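Dear colleague,

I am handing over the structure we spoke about, and my notes on it follow directly below.

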Amino acid sequence: MTLTAPRASTRAAPAAPGRPRSTLARRLVPYGYLSPTVLLIVVLMVVPIVMVVGYSFRDNVIVQENSVFAGFANYTKVLTDPDFLAALRNTAVFISVSTVAHLVLGLTFAMMLNTQLLSGVTKAIFRIVYILPWLFTIAVIAVIWRLLFDPSGVVNYVLQTVGLVQQGVNWFGDPATALWAVTFVNIWSGYPFFMISLLAGLQGIPADLYEAAAVDGTNWWQRFRHVTLPQLRPVIISMAVLDLIWTSHQFALIWMTTGGGPLNSTEMLSTFTYKQAFSEYEFATASAAAVIVLLLTMVLAFFYVRSQRER
Amino acid sequence: MAAVKTRRTLAKAGVVTGLVLGGLFAGLPVLWMLSTSLKRNGEVFQSPPQLITEGFSFDAYREILGNGTQLRFFLNSYIVAFAVTILTLLVAVLAGYAFSRFRFPFQKTINAAIISVQAVPPITLVIPYFGLIVALGLYDTYAGLILTHMVFTLPYAIIMITAYLNTLPRELDESVKIDGGTGWTALWRILVPVSVPGLVAVGVYTFMISWNEYLFALTLTRTDDMRTVPIGIQLLMGQHSYEWNQMMAMSILGSVPVLVLFLLFQRRFVGGLTAGAVKT
């Protein structure tokens with residue numbers, strides 16, 4: 001349906017040669033092409049956001065037909081809930097540690113893959129191996145690491161053999177280690193995206209910059225510090241903001257490894273919200289939490305859009 | 001001269017060591033998954049661990065492939081991911097054409113809105129979606145999954161396709177218009193065929209997002225007739241009291257489509273991906 005608009009308006013042109021076609025119809029052409037996108041985004045993005053904001057100010061939504069206006073009661077309830085505050089803290093740790101590690105690993109691996117010392121074929125093989133973790137869906141990554149991190153699994157076997165631990169550690173099941181275990185898995189699964197972008201960035205740095213630096217008698221570290229890093233800065237900034245946003249959305253990995261436990265030690269904003277809605281059926285407080293998550297993300301998104309504009 | 005050569009050899013040894021260590025970090029967990037899928041379940045936690053055991057067999061794969069419920073999960077994932085890919089490309093080509101070839105009021109605003117959509121947390125949407133999808137009669141249907149997946153595949157696709165179309169000279173469409181064609185024919189006869197490499201990259205990425213999606217599949221479907229592979233893997237964890245070899249076999253089978261697509265289109269895909277992510 002929506003596709004007929006541009007067709008009709010543009011077809012009119014050759015039928016009336018020499019006469020300027022209707023400017024109104026011509027102005028509407030781009031909107032015609034955009035209409036399927038706009039329709040989808042309005043129905044599945046704008047309307048739902050309005051709905052969830054509406055829910056968050058009401059009591060007993062969805063489960064009861066006659067919900068009443070509740071003001072900020074749901075927000076007060078969520079913001080004073082120790083579980084929510086724990087989720088906020090865990091999410092902050094999870095996303096900041098993950099992003100920094102993604103950047104460090106991604107940059108290190110990208111620079112090794114960009115070396116001039118090895119042949120193209122060797123580098124291509126290594127590149128595929130390095131991208132592997134990114135090609136598996138989170139459900140698969142969750143079961144792989146549940147297997148590896150099992151108390152009698154292979155990671156514990158290796159650590160026991162070299163004497164780092166006395167007996168098998170239940171990495172996902174111990175409140176002391178669970179948050180670090182899920183963060184580690186997230187680091188493993190997420191660095192390749194950074195690596196690919198940074199590798200492209202490295203290959204885009206003009207060679208004469210390095211040649212000029214070499215003529216000046218600089219060492220490796222100085223070239224990294226004064227040529228590589230400044231050249232990669234725009235990529236690094238936008239990737240980091242994007243990664244913070246995406247990592248904060250992470251639900252499946254937590255849900256399938258620890259479920260937010262044990263004792264809230266890996267509860268994230270996403271799992272907290274999900275549980276409120278689909279385990280407790282507290283859709284009103286869940287909506288308030290969902291809106292808070294949205295607002296926090298919008299702050300990050302603001303920086304992302306700005307970093308994109310600067311380029 | 002000899003000193004320079006020694007330094008070069010040392011540097012090379014250092015890089016190779018680093019690459020091998022990093023490769024083990026990346027690849028060993030994947031190798032262990034493969035190895036476990038070929039064991040008997042009783043051998044999974046044997047000590048010391050072995051890569052290839054006495055019970056080496058493809059039984060776990062036979063179990064999964066002989067199970068109608070599991071096969072249905074695969075069918076569902078293929079239907080949803082292919083539909084999402086085709087519809088996303090179609091809608092994104094139209095939007096990308098508008099952004100690339102027209103200047104119109106609110107262009108910047110609409111573009112910024114599309115970029116921002118990528119940042120909206122799925123968890124925020126899943127609560128209203130639950131109500132909305134039920135109200136639209138799309139709960140536990142392919143259409144419900146396809147539409148909700150598209151919300152997250154479309155923005156990226158539009159950004160990448162716009163960037164790709166921007167690299168094509170305007171003379172291409174002008175030549176069609178001189179021959180009496182319209183913008184519509186220029187788009188489908190000239191621009192789309194020329195853009196195939198870019199569209200392939202976008203398509204592969206779209207397929208991956210849809211194939212991997214978990215939260216909406218978990219919330220908006222209820223029956224085994226509609227569940228997708230990621231949910232199937234999770235269900236396997238619950239019901240079979242940890243048949244690890246089958247879980248790994250299912251995981252590998254569930255990863256094959258994305259692995260194959262990636263290996264086939266690696267060059268284009270990586271190039272297109274970074275073009276979209278780095279310079280929108």
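How many helices and how many strands are there in chain B? Chain B has 13 helices and 0 strands, where helices (H or I, at least four residues) and strands (E, at least two) are DSSP runs numbered from the N terminus.

Please keep in mind that this is a predicted model, in which local features need pLDDT of at least 70 and side-chain atom pairs count only at pLDDT 80 or more, while totals for chains, interfaces and linings use all residues. Residues are numbered from 1 along each chain as its sequence is written, and chains are lettered from A and ligands numbered from 1 in the order in which they are written.

As to its overall form, the C-alpha trace of chain B spans about 75 × 75 × 35 Å along its principal axes. Of the 280 residues of chain B, 46% count as buried, that is, with 20 or more other C-beta atoms, placed from the backbone, within 10 Å of their own.

Between the two chains, 76 residues of chain B and 75 residues of chain A take part in the contact, which requires C-beta atoms, placed from the backbone, to lie within 7 Å. On the chain B side, helix H1 (residues 2-37) gives the largest share, 14 residues.

Within chain A, an automatic or database domain assignment gives domain 1 (4-56) and domain 2 (75-309), with 39 Å between their centres, taken over C-alpha atoms. Their contact takes 4 residues from domain 1 and 6 residues from domain 2.

With best wishes

Key: A residue is buried if 20 or more other C-beta atoms lie within 10 Å of its own, exposed if 12 or fewer, and partly exposed in between; C-beta atoms are placed from the backbone.
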